[in-house]
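This report looks at how parts of one protein chain are held against each other. Please keep the sequence and the model in view while reading.

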Amino acid sequence: MEKHVPFKHRRTTLERAEKFISTHHFTDINLRSRLYPARKAVTSLTHYAAPGRISYEEAMKGKYTPAKIGQSFGPTWATHWFKVEVEVPADWVGQEVRLVWNSNTEALVWVDGKPVQGLSSEKDRYDFVLSSKQEKGQLRYTVYVEMACNGLFGAGQNSMIGPTDPDKHFTLQQVDIVTFDRDVYGLILDMEILYGMAKELPDSDRGYQALYAANDFVNACDVQDKKTYKRAKEISEKFFSQRNGDTQHTIHAVGHSHIDTAWLWPYDETKRKCARSWSCTIGLMEQYPDFKFACSQAQQYAWIKELYPSLYKDICKFVAKGQFIPVGGTWIEMDGYVPSGEAFVRQFLYGQRFFQKEFGIKCSEFWLPDTFGYAAQLPQIMRESGITRFVTQKMSWNLVNKFPHHTFWWEGVDGSRVLSHFPPGDSYHLEGHVKEVSND
């Protein structure tokens, strides 16, 4: 493995790498600017202001009128349905084609009467794949977008946890169809890791090697000349192929979508959040057979079963395959400190009963990442409920004392013990960045 001397201008070189893939700076000329090489307006965009959170069948009976970019929709918690009609140019055949949608809200894409993917402006989830490889015989598409007039965290006044602004409106900023360049996407992912390692491992040989590789990558890659992409890819692949010794860690990632059953939005919005999140998960599982997703809270499964039967059928299929993994064993992720012992017992009783009835399994781990306290009788109740392991992490947010362990045995008042784990990234919404996985 090559060893490099430190850069004289490390900060400048880091910024050069960061700006090369930035979503905020130089986006008209950097690598990210080539992610969508072709763009076209949709053929038709019409709109129906729904009387509430109605079903798809009810939405199809609505009166749709023309809508346009720049138009605002509201008020808070209202629902607006859009019919999007698309005609793909013939010269896009063979390419990946996507619908790009940005309404500054949460939304759900429906195709042929089925919920297929959630959209979230605050998570930069703007696009939906119309075709992974466009065919000649299918150049027209019709999709429906169910737009919720709220953001990821509701619609608070002045702050996220402020009282709800009852008359907030949201502007439809973008509705296009685009081609998607997977070669560019792969290069962006490579550079994100190179940049992350260079930034987060500043005093190590590996960190400097990552910085040199990132700099060479930028030198080699002319964003306007696809023939240069191959050389840039070779640079990143050479770096990633270098093992860091026989004792290096292997990291396994399991997806999870932490959805508060009750927080900054009505219960009925929780139900739609589950559909938006889990439809994305199912789409990823269909594309990546190795992808696994841990999902807690029996109540949320029950809502999906009632309101989105086609999505629930897909969930059951992937549970059977071992990809969609029910966890927790409780009805919801409850507060871990205030309820009585009887309330805790009912959580496990009804939760485990649901998972046993629906999927033929009982959860062996209690999943409670987002509570600020833990009752001392919980290990005993867990063991009596068939639980041997416990996953949590909120104590890591303590501003005064740092909890000293990430994996340990928790012993309750009666001597019952469960193997407990705090994810080492000290969060329940990690995204796999270098800083998170290198956290000690």
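By about how much of the helix are phenylalanine 355 and phenylalanine 359 separated in helix α9? The two residues are four apart in that helix, so about one helical turn lies between them. The model is a predicted one.

## Aromatic pairs

The structure has 38 aromatic pairs. In one of them, phenylalanine 355 and phenylalanine 359 are stacked, with ring centres 6.4 Å apart and 25 degrees between the planes. The pair counts as stacked because planes under 30 degrees apart are classed that way. Both phenylalanine 355 and phenylalanine 359 are buried.

Phenylalanine 403 and phenylalanine 422 make another stacked pair, at 4.9 Å centre to centre and with 10 degrees between the planes. Phenylalanine 403 is in the loop between β17 and β18, whereas phenylalanine 422 is in the loop between β19 and α11, so the pair ties together parts 19 residues apart in sequence. Phenylalanine 403 is partly exposed, at 24% relative accessibility, while phenylalanine 422 is buried, at 3%.

Ring pairs also build a cluster. The cluster includes Tyr301, Phe354, Phe355 and Phe359, and among its other members are Trp278, Phe291 and Trp331.

Is helix α7 largely enclosed or largely open? Seven of its ten residues are buried, so the rest of the structure largely encloses α7. The buried residues are Ala298, Gln299, Gln300, Tyr301, Ala302, Trp303 and Ile304. They pack against α6, α8 and α9, and also against β14 (293-295) and β15 (324-326).

Two packed helices are described by the angle between their axes and the distance between the axes. For α7 (residues 298-307) and α9 (residues 341-359), the angle is about 40 degrees and the axes are 9 Å apart. The two helices are therefore oblique to each other. On the α7 side, the contact is made by Ala298, Tyr301, Ala302 and Lys305. On the α9 side, Gly351, Phe354, Phe355, Glu358 and Phe359 take part. Sorted by class, this contact has six nonpolar residues, one polar residue and two charged residues.

## Salt bridges

Side chains of opposite charge can pair when their charged atoms come close. How many salt bridges does the structure hold? The count is 28.

One of them joins arginine 53 to glutamate 269, with 2.8 Å between the closest N and O atoms. Arginine 53 is in the loop between β2 (44-49) and α2 (56-59), and glutamate 269 is in helix α6 (residues 267-287), so the bridge ties together parts 216 residues apart in sequence.

Aspartate 183 and lysine 226 form a salt bridge in which the closest N and O atoms are 3.6 Å apart. Aspartate 183 lies in helix α3 (residues 182-200) and lysine 226 in the loop between α4 (205-220) and α5 (229-241), which puts the partners 43 residues apart. Aspartate 183 is partly exposed, with a relative accessible area of 47%, and lysine 226 is partly exposed too, at 45%.

Aspartate 426 and lysine 402 meet in a salt bridge with an N to O distance of 3.7 Å. Here a loop is linked to a loop: aspartate 426 is between β19 (417-421) and α11 (434-437), and lysine 402 is between β17 (389-391) and β18 (407-411), 24 residues apart. Aspartate 426 is buried, at 17% relative accessibility, whereas lysine 402 is exposed, with a relative accessible area of 63%.

## Lysine 321

Where is lysine 321 placed? Lysine 321 is in helix α8, which covers residues 309-321. Lysine 321 counts as exposed, at 56% relative accessibility. Its C-alpha atom is separated by 39 Å from that of aspartate 91, a residue 230 positions away along the chain.

Technical notes
Residues numbered from 1 in each chain as written. Predicted model: local features only at pLDDT ≥ 70, side-chain atom pairs only at ≥ 80, totals over all residues. Heavy atoms only, no water. Salt bridge = Lys/Arg side-chain N within 4 Å of Asp/Glu carboxyl O. Buried < 20%, exposed > 50% of the residue type's maximum accessible area, 1.4 Å probe, protein only. Axes fitted to C-alpha atoms, helices over the stretch in contact; angles between N-to-C directions. Parallel < 35°, antiparallel > 145°, perpendicular 65-115°, else oblique. Contact = heavy atoms within 4.5 Å. Nonpolar A, V, L, I, M, F, W, Y, C, P; charged D, E, K, R; others polar. Phe/Tyr/Trp six-rings, centres within 6.5 Å; stacked < 30°, edge-to-face > 60°.
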